[in-house]
Amino acid sequence: QGSRLEPSLHGPRPRSPAAAAAAMEAAAMAARPDDELAGPLGRYGRRSRSCRVIGPADLATAEALLGDPFSAAVLCAVPRRIGVGGGASGSGSPGRLLHLPLEDALAVLEADLLEALQAAQHYALDAACVPNEFLLELLEAAVSNVGNRDGWDEMMCRRIADTWRTRPTRRRNAAGSRDPTNIWLDDKLLQVGRAAELCGGEELHLPIFGHAAYGDAPALAALHADVRARVGRGEGLVVKPRHGANSRYVFLWPPTGDRPASAAAAEVEAATEGGREEAVLESVKRALEGWDVSWDRECWQLSQVPRGVVVQPLYAIAVSACESGGPRSRAAPLELKVQVLFGEVVGGTLNTHPADLWVTRRGDVQVWNQEDLLARGHTRCRKIDKCYGKHIPAAALQTLVRVLQAHWPLIRGTSERLTRGAQLDELRVDWLLGDDRWGPRIGELTYMGAGSRMSPPLSRRLSRAYAAAHLSRLGRLAVVQADCAEEVLAARGSSLWPVGVLDRARQGHGRGQFAEAPPGAPSDAPTDRVARPRRHRHKKK
C-alpha cells in the first residue's frame, strides 16, 4: 500500500497513464531510506503510508485574497515544504464581509483546514479519541476518492454508531464501572463547570439559575420556588433538559407579557391555565420527564447522562419568527457554531441560516452565492426555512459583524483552549452573540455534532481534513504539495480535496437514517449502515 497513491479498500482499479506515473513516483519515494524520509515529525512506516496531493493554488489563492502572509512549515515527513494558512497572524481586523467566488472561498477554507492538519502531528489526544480499526477504515474511505463517502454528516453518524458498538468494552475505572471520561460533553449541567475549569475558572456559559435531577423532590421544590420568584420579577428564562439534544423540550420564556419565543413554549402556555407562572412550571416538568426518540440515535454517552432539568437566563432574541413559516416558525438568539479540529478553529456557521454564510478562521464572513452552492450539490432544508426564514435578517448580519469585530479573538481563543484542554480531536462550540448584558456566551458544547446543516463543499473538506489529520498523525498518510495544477489533475485519485464530479454530488440531510440497531443498543439507536433515501414514484393515472 505504501507504493500506491490510493488505499486498496475497494479492490484494484484501472489507472490512466498519468496516474500510473504518479504511482511510480510514490513507489520511488517509499523506496528511499528512512533517514531521508524522516523529518522533524518522526519516521513513517513505508508499508502503511499512502500519499495525498494538494494543489499549489490552495495556499497562494488564499494569500492573495486575504492579503496575509502565510508561514512555511513542514506538514509531513516528506522532502517537500508547503505553506499553511488561515490568516492567524494577519494584520487585518476580523468581521470583514466577503463575497468571494466559490472556488476562491474554498481555497481559503482549505488553507484554514491545513492549519488543523499540521497541528494534529504533535497534538496531545485523549486515549478515548484515538480511532479503532473500524474508524480507521472509515477515515481511509473518506480520503479514498471512491464514491460519495466523504461527508461530515456520514462521518459523525458512523462515529456515533461506533460508540454503541464499543460500549461494553470501554475502559473501566477502579470501581469497575464504565469510565465517564467524555460523558460530561453531553451533560448540559456538568459541561458548564468543566468548561470553566479548563479555562482557569472563567465563567463561559450562561449562569445556571437552578437545576434538579429526576426523582429529587427537595431540589425540584427549591427550583419551583426560584422559578416563581423570577417569573414574578419579569425575567426571561430558558428551560431545557439536562439529558437532551437537538433542541427537543427546550422552552424559551421571554419576560412576562411578551409572546413565547419558541413553539414549544407557546404550546405549553396555550394548554395551561393560570398564566405565565404555571406555564413555566409545566415546562419544567416536561423537560424533566421528557424523552425524544431522536436521542436514542445520538452517541452512547448521551444515554448515560442523568435525567434532569436546567434553568438559565434567556439570551437576547436576534432572529424573529418567520411570518410565512406557519406554526413551525420560531424566534431564536444569534448562535454561531464554531468548529474546532485538533485544537484549531477552522470556521463556523449560524444555527438559523447555515447556508447563508461561513465565518472563516480569521473571523471574516463569507456570504455565499446560492447558485454556486446549488451547482455543488447543496439542497435547502425546508424545515429550517420554515422555522427561521430563507435568509438571515439584515439586522442579525450587522450584529454578527459587530460582535466578530469586537470579540472574535475571545471566541476563537476560548474555543481552541477548551478543545486542547480536553484533548479532543474535534469539538463544536456554540456561541450566543448579540446580548449587551451577557456578552458572548457559550450555549453548549457538542462532540460528534451533526453536519447535516453544512453545505456539501464544506462538509466534504471538513471530513477529509479530519480523516487526513488522524491518518497522518498515526503515520498512515502523507500529504504533499503538487508543483502545478496539472499534477493534481493527473493524480486526481490521490487529491486530498474533492475534484470534479466528487465535488458536485448531493448529500443527504438528516441524521439517524439507519437500517438496523447494533447488538445491545436501543431499537432506535444508530448503526454503521446508512439507508438510501426513498425515491418518490408517481403512479400512472
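Figure 1. A residue is called buried when its relative accessible area is under 20%. This is a predicted model, and in it C199 has 4% relative accessibility, so it counts as buried. C299 also comes out at 4%, so that cysteine is buried too. A disulfide is a covalent bond between the sulfur atoms of two cysteines.

**Figure 2. The whole chain, for orientation.** What is the chain built from? It has 16 helices and 16 strands. Of its 541 residues, 55% are buried. The accessible surface comes to about 23800 Å², and carbon and sulfur atoms account for 50% of that. Take the contacts between residues at least 6 apart in sequence: 72% of them join residues at least 24 apart.

Figure 3. The average pLDDT of the protein chain is 77, and 70% of the residues score at least 70. Among the elements, strand β8 (residues 308–313) has the highest mean, 97, while strand β2 (residues 72–73) has the lowest, 27. Across residues 1–48 the pLDDT is below 50, yet the model gives this stretch 79 contacts beyond near neighbours in sequence. Residues 67–91 also stay under 50, with 77 contacts beyond four places in sequence.

**Figure 4. E103 meets R376.** Side chains of opposite charge can pair when their charged atoms come close. The structure holds 32 salt bridges, and one of them joins E103 to R376, with the closest N and O atoms 1.8 Å apart. E103 sits in helix α4 (residues 102–119), whereas R376 is in the loop between α12 (370–375) and α13 (382–388), so the two are distant parts of the chain, 273 residues apart. How accessible is E103? At 48%, it counts as partly exposed. R376, at 12%, is buried.

**Figure 5. E269 and R276 pair up.** In this salt bridge, the closest N and O atoms are 2.9 Å apart. E269 is partly exposed, with a relative accessible area of 25%. R276 has 10%, so it counts as buried.

Note on methods: Residues are numbered from 1 along each chain as its sequence is written. This is a predicted model: local features need pLDDT of at least 70, side-chain atom pairs count only at pLDDT 80 or more; totals for chains, interfaces and linings use all residues. Side-chain values use heavy atoms; hydrogens and water are left out. pLDDT is the predictor's confidence in each residue, from 0 to 100. Helices (H or I, at least four residues) and strands (E, at least two) are DSSP runs, numbered from the N terminus. Contact means heavy atoms within 4.5 Å. Buried means under 20% relative accessible area, exposed over 50%, partly exposed in between (1.4 Å probe, protein chains only). Accessible areas come from the Shrake-Rupley method with a 1.4 Å probe; for residues, only the protein chains shown count as cover. A salt bridge is a side-chain nitrogen of Lys or Arg within 4 Å of a carboxyl oxygen of Asp or Glu.
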